[in-house]
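Take a look at the structure shown here. We will walk through a few helices and then some single residues.

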Amino acid sequence: MEKNEKIINFLEEFLTEELDETIKLSLDSKLFGGGGPLDSMALVTLIVELEEFLEDEYNVNITLADEKAMSRRTSPFSRVSYLIDYLNEKINNE
Amino acid sequence: MNKKIYLITGDRKGIGRSLSEYYLSKGHLVIGCSRSGSDLVHKNYDHKICDVADENAVKYLVLFIRKKHKRIDVLINNAGMASMNHILTTPVITFQKLVDTNFKGTFLFIREGSKIMRKNGGCIINFSTVASPLNLEGEAIYASTKAAIEKLTKISAHELSSFNIRVNCIGPTPVLTDLIKAVPKNKIEKLLSSQAIKRLGRFDDVKNVINFYCSEKSNFITGQTIFLGGV
């Protein structure tokens with residue numbers, strides 16, 4: 001399975017469990033803020049679970065909530081496509 | 001017996017070593033860490049070299065535990081350093097080392113440890129000191145880092161309670177360890193005289209409070225700091 005597809009699957013599984021309803025995502029789907037389904041505690045949990053996912057799938061041990069990510073004008077956690085770009089950036093820089 | 005997994009920082013000697021030996025003797029699994037190697041050998045013991053202020057080292061240690069044990073039940077943030085100096089003659093490097101080892105180290109282990117504790121819940125014990133409430137002269141920076149740990153304990157207790165993680169703190173009196181070996185005898189005497197119970201602390205006093213915090217019956221206790229000796 002392609003990396004981006006794996007990430008979307010992971011996000012769908014996470015949101016389905018978190019929101020207790022079946023969630024299908026596209027690259028344009030919102031995640032956090034501006035009408036996205038995640039509240040701040042769910043975002044914290046998502047970040048932690050994503051770190052574990054990246055460790056297990058790609059053997060990279062990274063901190064996603066770094067200063068750069070948090071101070072970006074456009075949050076990498078606001079939309080699926082932004083998050084995928086951000087994760088790929090982190091994996092490639094590792 | 002319910003075998004638990006303990007992560008104890010700074011356990012090469014002193015209180016940390018005593019705690020590791022104690023929990024091993026009770027049949028638990030212990031993972032210890034310190035900046036240099038440990039000679040403690042036990043079938044249920046793993047030791048990793050780790051500077052508690054090194055973010056990557058802490059992350060790799062916790063990753064090792066996640067891969068091997070899947071969980072941490074009890075995290076004891078014992079690693080710490082002390083330094084006595086008048087504020088007018090305290091070098092910045094000393095300030096930085098104290099902040100890094102005591103405060104940053106505790107923060108990093110709470111953050112990374114909680115990431116795997118959140119699935120099964122757990123108990124975190126931080127270390128303050130009686131030097132904090134006693135406002136001891138010569139310990140401005142050391143005591144300040146410990147006061148910061150008390151505040152970190154309180155707020156992280158709130159933030160982590162939804163994950164069934166309890167965070168508490170112990171403030172020991174001086175215990176005969178390397179940490180106080182450089183403190184002049186008259187300073188120790190003066191400190192003891194300000195306690196309600198005027199004696200040095202013992203390892204057992206510390207274990208007793210930790211066992212109290214970690215007891216199943218203490219599941220309504222979080223965000224607290226207990227000072228020994230009646231301070």
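How many residues does helix α1 of chain A have, and how far does the helix reach from its first C-alpha to its last? Keep in mind that this is a predicted model. Helix α1 of chain A covers residues 3–19, which is 17 residues. From first C-alpha to last, α1(A) reaches 24 Å. That is close to the 24 Å expected at 1.5 Å a residue.

Now look at which parts of this helix are hidden. The buried residues of α1(A) are A:Ile7, A:Ile8, A:Phe10, A:Leu11, A:Glu12, A:Phe14 and A:Leu15. An α-helix has 3.6 residues a turn, so residues three or four places apart point the same way. Just after α1(A) comes A:Asp20, with a positive phi of about 60°.

Turn to chain B. Here helix α1 (residues 14–25) packs with helix α7 (residues 203–214) at an angle of about 60°. Their axes are 10 Å apart. The angle makes α1(B) oblique to α7(B). The crossing of α1(B) past α7(B) is right-handed.

Which residues meet at this crossing? From α1(B) come B:Gly14, B:Ile15, B:Ser18, B:Leu19, B:Tyr22 and B:Tyr23. From α7(B) come B:Phe203, B:Val206, B:Lys207, B:Ile210 and B:Asn211. Sorted by class, this contact has 7 nonpolar, 3 polar and 1 charged residues.

Stay with helix α1 of chain B, where B:Ser20 is found. Is B:Ser20 buried or exposed? B:Ser20 counts as buried because its relative accessibility is 0%, and the cut-off for buried is under 20%. Leaving out residues up to four places away in sequence, B:Ser20 touches B:Ile8, B:Asp11, B:Val30, B:Leu40 and B:Tyr45.

Finish at B:His69, in helix α2 (residues 55–69) of chain B. B:His69 is buried, with a relative accessible area of 16%. B:His69 touches B:Ile5, B:Leu29, B:Ile31 and B:Asp46, not counting residues up to four places away in sequence.

Notes. Residues numbered from 1 in each chain as written. Chains lettered and ligands numbered in written order. Predicted model: local features only at pLDDT ≥ 70, side-chain atom pairs only at ≥ 80, totals over all residues. Heavy atoms only, no water. Axes fitted to C-alpha atoms, helices over the stretch in contact; angles between N-to-C directions. Helix = DSSP H or I, 4+ residues; strand = E, 2+ residues; numbered from the N terminus. Parallel < 35°, antiparallel > 145°, perpendicular 65-115°, else oblique. Left-handed = near helix turned anticlockwise from the far one by under 90°. Contact = heavy atoms within 4.5 Å. Nonpolar A, V, L, I, M, F, W, Y, C, P; charged D, E, K, R; others polar. Expected span 1.5 Å × (residues − 1). Buried < 20%, exposed > 50% of the residue type's maximum accessible area, 1.4 Å probe, protein only.
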